[in-house]
Amino acid sequence: MNAYQQKWLQILHNATLAGWQIEPLGEDILITMPHVTDLKVVRDNLPAIIAELALDIDLPHERLRLIVKNGYEEFDYVINP
């Protein structure tokens, strides 16, 4: 696990998102949300949320893939592609 991935894990855990499981998966981060979560809404808003959260990171930016799923469907979002 690299420092950039660790920092994102820390930020996401500190957000205390009820019912979300956030864990490392190799060099990626797996985010499992409750089954009732509308992934379209999450996918549409994720770029803006990530941009705001990234302001608190003072480490060199690295490529990081978020795998987001709710039990029925999933999508990937790449930070710093």
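Guide: S1 and S2 run antiparallel, joined by 5 bridges. Two strands pair if DSSP finds at least two bridges between them, and helices (H or I, at least four residues) and strands (E, at least two) are DSSP runs, numbered from the N terminus. Bear in mind that this is a predicted model: local features need pLDDT of at least 70, side-chain atom pairs count only at pLDDT 80 or more, and totals for chains, interfaces and linings use all residues. Residues are numbered from 1 along each chain as its sequence is written, and side-chain values use heavy atoms, with hydrogens and water left out.

Visitor: Which residue in S2 stands opposite Glu23?

Guide: Leu30 is the one opposite Glu23.

Visitor: And what does H1 touch on the sheet?

Guide: H1 packs on the sheet, touching S1, S2, S3 and S4. Contact here means heavy atoms within 4.5 Å. The direction of H1 makes about 175 degrees with that of S1; axes are lines fitted to C-alpha atoms, for helices over the stretch in contact, and angles run from 0 to 180 degrees between N-to-C directions.

Visitor: How about H2, which strands does it touch?

Guide: H2 packs on the sheet too, touching S3 and S4, and its direction makes about 10 degrees with that of S4.

Visitor: Back to the sheet. What's the strand order?

Guide: S1-S2-S3-S4, an open sheet of 4 strands with mixed pairing. S1 (21–25) and S4 are the edge strands, each pairing on one side only.

Visitor: In which sense do S2 and S3 pair?

Guide: Parallel, over 4 bridges, with S2 at residues 28–32 and S3 at residues 64–69. Between them the chain goes through helix H2 (residues 39–54), a right-handed β-α-β crossover. Right-handed means that, with the strands pointing away from the viewer, the path from the first strand over the helix to the second runs clockwise.

Visitor: What joins S3 to S4?

Guide: 6 bridges, and these two strands run antiparallel. S3 and S4 form a hairpin with 4 residues between them, and Gly71 in the turn has a positive phi of about 100 degrees.

Visitor: New topic: is Leu12 buried or exposed?

Guide: Leu12 counts as buried because its relative accessibility is 8%; the cut-offs are under 20% relative accessible area for buried, over 50% for exposed, partly exposed in between (1.4 Å probe, protein chains only). Leu12 is placed in helix H1 (residues 3–14).

Visitor: What is Leu12 in contact with?

Guide: Leaving aside neighbours within four places in sequence, Leu12 contacts Leu17, Ile22, Ile29 and Ile31.
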